Amino acid sequence: MTRYEKMSQLFNEDYRVIDFLPRRVPDEAGTLFEEAEQYYMQDKQLQIFCDKVIAIVLKLLCYYPFEMYVQEHIPLIRTREGWLKDKHCDTIVKLIKKTILKRRGQIDILLTKENSMISISGGTLSIAVYNESESLREMLQSMVRTEGLYDWKFRA
């Protein structure tokens with residue numbers, strides 16, 4: 001199975017959400033949720049969220065072999081899409097910052113030996129973890145709590 005096929009398969013499964021809120025907000029929450037979300041999307045608050053995501057991802061990648069697929073969607077500039085060849089820490093940090101702070105694009109990280117994937121999308125205050133093993137879940141829960149974020153299961 002190719003990396004693309006594996007990603008496609010994982011996107012169709014239930015996933016765990018790492019979020020700034022402790023659980024999914026009911027549809028009837030309406031305006032207050034939208035206002036709170038806009039508050040957290042402001043530059044200073046978004047930077048704090050970005051730093052937390054970077055801390056989680058970098059720590060996690062110390063333990064698991066990975067492949068990273070990057071999609072950049074920037075207006076007026078040719079779209080860049082493909083597998084990351086330069087897997088150095090500074091490159092990964094730069095890409096995560098660009099995705100979260102510019103609110104564009106997406107990064108999908110395949111944890112190859114775990115058969116799992118982490119997806120970071122610009123314009124959201126959460127990341128998704130697909131097909132996590134028990135050991136990955138335990139490690140993530142510890143890191144998520146340390147960073148002051150929450151995680152919860154989402155049905156696809």
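The model is predicted: local features need pLDDT of at least 70, side-chain atom pairs count only at pLDDT 80 or more, and totals for chains, interfaces and linings use all residues. Residues are numbered from 1 along each chain as its sequence is written, and side-chain values use heavy atoms, with hydrogens and water left out.

Thr99 is found in helix 4, residues 89-101 (helices are DSSP runs of H or I with at least four residues, strands are runs of E with at least two, and both are numbered from the N terminus). At 4% relative accessibility, Thr99 counts as buried (buried is under 20% relative accessible area, exposed over 50%, partly exposed in between, with a 1.4 Å probe and protein chains only). Beyond its neighbours within four places in sequence, Thr99 is in contact with residues including Arg104, Ile107 and Ile120 (contact means heavy atoms within 4.5 Å).

Aromatic rings come next. Rings of Phe, Tyr and Trp (its six-membered ring) pair if their centres lie within 6.5 Å; planes under 30 degrees apart are stacked, over 60 edge-to-face, and the rest tilted. The count comes to seven aromatic pairs. The rings of Tyr39 and Tyr40 have centres 5.1 Å apart and planes at 85°, so this pair is edge-to-face. Tyr39 is partly exposed at 40% relative accessible area, and Tyr40 is partly exposed at 33%. Ring pairs also link Phe11, Tyr15, Tyr130, Trp152 and Phe154 into a cluster.

Two charges sit over rings (NZ of Lys or CZ of Arg within 6 Å of the ring centre and within 35 degrees of the ring normal). Arg3 lies over the face of Trp83, 4.2 Å from the ring centre, and Lys87 lies over the face of Phe66, at 5.2 Å.
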